[in-house]
Amino acid sequence: MKVEALTKTHISVQKLNVFYEGHHALKDITVDIPEKQITCIIGPSGCGKTTLLKSLDRLIDLTDNVKVNGRVVFDGIDVLDKQVDILDIRKRMGLIAQTPNPLPMSIYDNVAYGPRIHGTNNRKELDQMVERCLQVASLWNEVKNRLTEPASKLSAGQQQRLCLARALAVRPEVLLCDEPTSALDPISAGHIERQLFALKQDYTIVFVTHTLRQARRLADYVIFLYLGQLIEHGPTESMFTQPSDPRTKAYIEGAFG
Amino acid sequence: MILSALGVLGSLVSVIIVVLVRGAPALSVSMLTQTSTGGYYLGKEGGILNAIVGSAYLVAGATTIAFTISLPTALYLNEYASRSKLASFARQSLDILWSVPSIIYGVFGFTIMVYLGIRASLLGGIMALALLELPIMIRAMDEVMRMIPLKLKEPSYALGATKLETALNVIARQALPGVIMGMLLAVGRGIGDAASVLFTAGYTDSIPRSLFDPVASLPLALFFQLGTPFPEVQERAYASGFILLIIVLSLSVASRLLTKKATAYVIK
């Protein structure tokens, strides 16, 4: 409880329900996501982790036949309100996907894409932005001499770091990470993890994972979902040492998953 | 499998050989550099420069118009109306238009031209050919764009891009090889088509000086020359056919090289 008292809520999810073609994917989720901390969403596959993540910036709208109700309050704005400027919300929440998804363009253009669509066209400014973001993603040294090469030529681990740099380039406040290390080799995964850990000073990070050890390593706060329901949430230590719900206990002990 | 591949290759080679052997006596530099003299039907002198340039004018004009309409249409069908009734109706209509015989486009164009009081001309030919090329180009681009998974567009939307920005920057780039392929298919059909230009573009021995002059074309040159009773002129038909073949083949090779270059940035 101490941790909660010290931190500010950044995103507040209230009574969120999501239906996919009649399937009730998320049931009455109510949870606060603390600012400038790493919040891990854990749970077995198919429990709605990604759905919850994609409801936060309404990327879920891209999927057909989805119905969402409830509230997701971000900085005083209800993201789910159709009147809201969702493009601005998405700009303020970066996304790192499960598998690296570079855009069909050069390494440089991948990072510059976001700033460009939001109106930065000054070459010098873009150059600085690209270099800074690639450095934060610790990719700069590997690509600085091949910025015009297609992004698809990079290794999977490098591509994921590029995606991180691309997300940072629009100066977001939140980073939404959907199992960003699950498709990577252990070394690249370690890279990404360390960077995210360092980034929590400046960013609120929401991190979906099904690896409990990863959650324990990274998270300040943990949300446990099971079959679309929010079972338990709390600071990492108490979640792992004294879970109050028997289902949380069983999951953490590896009884299912 | 090898046999069928050889069969395809064999038929291509035998077509080229037959056309080349029969047209060889008439093939000369002047075929390429001079316009025909003495009438396209009976003329034994001069070349078919009028038809080569005419075909180039016709196809360039038609392809430009068709492309200008096709790319936005294909992007619209995919990013804005992907699963709507309008889109499936549009796709169905385009598929039907694709299989409409080209003479129908010719007659349709001719009717419109009579109504508007335009004579057989470069403009009319371009219009009819553009109509012929449109469904091919749109559907070819559309099919490639439909294959692009959500996963590829998602990062663009996640950065706060609009549909238009995503369509122009991500979809169009990823689909670039398909866009080029669609253009080639359309150009290939357009340059070899005789029926649609028969009524709309007419035929002439000279190179058109304006959009309202009639214009010659390679397929029609071949058609008229082959229809004469003189063996010398028939030879010239084969020579024209050979030139047309070479143009189509080199277009195909060029677009292959271009496609290869265009795929460099595509995500597989």
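This is a predicted model: local features need pLDDT of at least 70, side-chain atom pairs count only at pLDDT 80 or more; totals for chains, interfaces and linings use all residues.
Residues are numbered from 1 along each chain as its sequence is written, and chains are lettered from A and ligands numbered from 1 in the order in which they are written.

Chain A has eleven helices and ten strands; these are DSSP runs numbered from the N terminus, helices being H or I of at least four residues and strands E of at least two. Of its 257 residues, 46% are buried, meaning that 20 or more other C-beta atoms, placed from the backbone, lie within 10 Å of the residue's own.

Now strand E7 of chain A, residues 174-178. Five of its five residues are buried, so E7(A) is largely enclosed by the rest of the structure. A:Val174, A:Leu176 and A:Asp178 lie on one side, with A:Leu175 and A:Cys177 on the other. E7(A) runs parallel to strand E6 (residues 93-96) of chain A, joined by four bridges. With strand E8 (residues 204-208) of chain A, E7(A) pairs in the parallel sense over five bridges; pairing takes at least two bridges found by DSSP.

Last, the other chain. In chain A, 25 residues are in contact with 23 residues of chain B, contact being C-beta atoms, placed from the backbone, within 7 Å. H3(A) gives the largest share of that side of chain A, four residues.

Definitions and conventions
Two residues are in contact if their C-beta atoms, placed from the backbone, lie within 7 Å. A residue is buried if 20 or more other C-beta atoms lie within 10 Å of its own, exposed if 12 or fewer, and partly exposed in between; C-beta atoms are placed from the backbone.
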